[in-house]
Amino acid sequence: MYLTKYFLPILKENPSEAQITSHRLMLRSGMIKQSSAGIYSWLPLGLKVLKKIEQIVIEEQVAAGHIPILMPTIQPADLWKESGRLNDYGSEMLRIEDRHGRGMLYGPTNEELVTDIFRSHITSYKDLPKTLFHIQWKFRDEVRPRFGVMRGREFFMKDGYSFDMDRESAIHSYNRHMISYLRTYERLGLQAIPMKADTGPIGGDYSHEFLVLAETGESEVFYDKKVTDSSLGERKIDYSDKQGIAAIVESFTQPYARTDETHDQNLFNKLPPERRLSARGIEVGQIFYFGTKYSESMNAEIVLPDGKRTFVEMGSHGIGVSRLVGALIEANHDDLGIIWPTPVAPFLAVIINLKHGDKKTEKVCEKIYENLVSAGLDVLYDDRDERVGVKFATMDLIGIPWQIIVGPRDLSEGFIELKFRKDGKRTRISFSDCSSELLNALRV
Ligand code: 5CA
């Protein structure tokens, strides 16, 4: 992408409404634009990151055996009358009336809608277990929308719904979700700690939230230092191995880790003092097992092997996809701007022409651009007629992992320069050999 042909509305000034770094940097780097409180347009750079996160979430859900669907944003209020949540959900729900006077709502979550799909098509244990998931916009009329996409009113969420014939199988679905979530966060370069949680309006009595530690997080968290040592790493996961999955879940959830909602100071005090830590965290996901709460009220029954009928066991599992964009920035930035981890970076590299108007450097930039694009890499070419300082500041702000710097002096000696945004390290690469050497460097 040539920058002069792109749409990258950088803000020069710090926006006064932004209280936290991620919100400020998302506005400054032209990723989002607020349309009303807690509701945003996603501009090209922001959309690219959002879609990369979405893709990683989808891949890990599919790897766990979960099936993608797409449910609508607008739901009929009647389904929520059946479950009893129409009034319980309160003023966070945006209620709408259609032209026939029918009650509709903008979905804050989808337990009712998915239970309706399930009961219309599945009636036997033979079709179980099943998990259906989608990634769709949600609306919650939050009392205090703030921190940009962190607490929006409209936000992008992955929500998955598991259906099982009995409790044992439902717990396995829950555990599978936990592992697939841990893997998702690790692929994004984030450490998210599962913490025992309250269930709120979703219901049930068994739930974990996933928290990324960050000073600007809205939740206060208490945890055993040991919990931060756990990671899945390169471990291969067999999602059909119930015991194996349960053992991994146990290893992650056994150390004390709770948010202030479920914190138990007496239990916490039993840990040796040097292991007792408290911090703030961003909730980037939550999983729930709530048994038959919705299947009973909405009459979603299945036939068991012995011919008896029973209500299907359910759980729901969410990831805050748009919130993750903010969480990733909170975890990856410096004074100059964002530092995208490569898997979610909007572009892998940017070519910076140090001398606009110089035919030779322009030609080289164009050639590098063509080479990289034809090698399948997503690169930006800063071909603006701007001062070099402005170009560097822009690229440091928007956080592209690699800067390929092309200037007449280096070129005359047969070199170009490669700078890694994260540590600022610069390497000279001989230009005659540019394609292979550059490609190798960018593929690490
Ligand atoms: N139905 C369940 C599981 S699918 C559910 O709705 N869970 S939730 O309420 O915990 O939401 C799932 C995730 O969405 C949260 O962990 C959080 O990361 C994200 N989320 C919730 N509210 C907001 C909000 N107002 N703005 C941005 N993200 C949010």
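Reply: There are 25 salt bridges in the structure, a salt bridge being a side-chain nitrogen of Lys or Arg within 4 Å of a carboxyl oxygen of Asp or Glu. One of them pairs K48 with D378, with 2.3 Å between the closest N and O atoms. That pair ties together distant parts of the chain: K48 sits in helix 2, D378 in the loop between helix 11 (359-374) and strand 20 (379-382), and they are 330 residues apart. Helices (H or I, at least four residues) and strands (E, at least two) are DSSP runs, numbered from the N terminus.

Before going further, a word on what you're looking at. This is a predicted model, where local features need pLDDT of at least 70 and side-chain atom pairs count only at pLDDT 80 or more, while totals for chains, interfaces and linings use all residues. Residues are numbered from 1 along each chain as its sequence is written, and side-chain values use heavy atoms, with hydrogens and water left out.

Now the domains themselves. Domain 1 covers 3-338 and domain 2 covers 347-442; the bounds come from an automatic or database domain assignment. Their C-alpha centres are 38 Å apart. Each domain puts 14 residues into the contact, where contact means heavy atoms within 4.5 Å.

How much area is buried between domain 1 and domain 2? It's about 1300 Å², with carbon and sulfur atoms giving 61% of that. Buried area here is the accessible area (1.4 Å probe) that two parts lose on being put together, summed over both. On the domain 1 side, L3, L336 and I338 lose the most area to domain 2, and together they make up 41% of what that side buries.

As for the polar part, 2 salt bridges run between domain 1 and domain 2, and 8 residue pairs are in polar contact, both residues at pLDDT 80 or more. A polar contact is a pair of N or O atoms within 3.5 Å; within protein, one must be able to donate a hydrogen and the other to accept it, and residues adjacent in sequence count only if both atoms are side-chain atoms. Helix 1 (21-28), helix 2 (44-63) and strand 18 (337-338) each bring at least two residues to the domain 1 side that touches domain 2.
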